[in-house]
Amino acid sequence: MTLVELKAVIAPSEAETIDEQIQESGLIGWNILEDVIDKTAGISGVFESEEQAREAWTQLAAVCPSLAAVQPELRVLEE
């Protein structure tokens with residue numbers, strides 16, 4: 001089975017707000033990653049197809065305005 005990962009760097013100061021927006025909206029499949037030592041943050045999600053991943057990002061950007069201009073990195077995960 002091939003999966004598709006979308007990930008993007010986000011501002012550490014936005015991580016909590018984005019997480020709250022995701023929780024309130026009921027979107028699933030997203031993870032917020034924070035490195036408090038390096039003071040970096042990111043968001044990632046794994047989906048069953050590229051189409052599903054892109055649709056999920058569109059929904060995410062609609063819920064999280066700070067992500068509207070962000071272009072996520074797409075990576076195909078092979079077994």
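## A first walk through the chain

Let's start at a loop: the one between β1 and α1 is where Ala11 sits. Keep in mind that this is a predicted model. Ala11 is 40 residues away from Glu51 in sequence, and their C-alpha atoms are 26 Å apart in space.

Now for the overall picture. The protein chain has two helices and four strands, and read from the N terminus the order is β-α-β-β-α-β. A compact globule of 79 residues would have a radius of gyration near 12 Å, and the protein chain agrees with that, at 12 Å. Along the principal axes, its C-alpha atoms fill a box of roughly 35 × 25 × 20 Å.

How much of the protein chain is buried? Buried residues account for 29% of the 79. The chain exposes about 5,300 Å², and 49% of that comes from carbon and sulfur atoms. Looking at contacts between residues at least 6 apart in sequence, 66% of them join residues at least 24 apart.

Helix α2 covers residues 50-63. Which residues of α2 are buried? They are Ala53, Ala56, Trp57, Leu60 and Ala61. These cover an arc of only 135° around the axis, so they sit on the same side of α2. On the face turned away from that buried side you'll find the exposed residues Glu51, Thr58 and Ala62. The cover over the buried residues of α2 includes β1 (3-10), α1 (15-25), β2 (30-35) and β3 (40-47).

Helix α1 can be read in the same way. Its buried residues are Ala15, Ile18 and Ile22. Seen down the axis of α1, they fall within an arc of 70°, which means they line one face of the helix. Exposed residues Glu16, Gln23 and Glu24 are on the face turned away from the buried side of α1. What covers the buried residues of α1 includes β1, β2, β3 and α2. After α1 comes Gly26, which has a positive phi, near 85°.

### The nonpolar core

Which members of the largest nonpolar core touch the most others? Of its 18 residues, those are Trp30, Ile43, Trp57, Leu60 and Leu67. β1, α1, β3 and α2 are the elements that give two or more residues to this core, and α2 gives the most, with five.

Setting aside neighbours within four places in sequence, Trp57 is in contact with Leu6, Ala8, Trp30, Ile43, Leu67, Val70 and Pro72.

Ile43 is another, and this one lies in strand β3. Leaving out residues up to four places away in sequence, the residues Ile43 touches include Leu6, Ala8, Ile18, Ile22, Trp30, Trp57, Leu60 and Leu67. The C-alpha atoms of Ile43 and Asp19 are 9.3 Å apart, though 24 residues separate the two along the chain.

| Residue | Relative accessibility | Counts as |
|---|---|---|
| Ile43 | 1% | buried |
| Ser44 | 10% | buried |
| Glu5 | 11% | buried |

Why does Glu5 count as buried? Its relative accessible area is 11%, and buried means under 20%.

Where are Ser44 and Glu5? Ser44 has its place in strand β3, and Glu5 has its place in strand β1. Not counting residues up to four places away in sequence, Ser44 touches Glu5, Leu6, Lys7, Gly29, Trp30, Asn31 and Leu33. Under that rule, Glu5 touches Ser44, Gly45, Val46, Glu73, Leu74, Arg75 and Leu77. That puts Ser44 among the contacts of Glu5, and Glu5 among the contacts of Ser44.

Note on methods: Residues numbered from 1 in each chain as written. Predicted model: local features only at pLDDT ≥ 70, side-chain atom pairs only at ≥ 80, totals over all residues. Heavy atoms only, no water. Buried < 20%, exposed > 50% of the residue type's maximum accessible area, 1.4 Å probe, protein only. Arc of directions from axis to C-beta. Contact = heavy atoms within 4.5 Å. Core = buried A, V, L, I, M, F, W, Y, C linked by side-chain atoms within 4.5 Å. Rg over C-alpha atoms; globule rule 2.2 N^0.38 Å. Areas by Shrake-Rupley, 256 points an atom, 1.4 Å probe, with all protein chains shown as cover.
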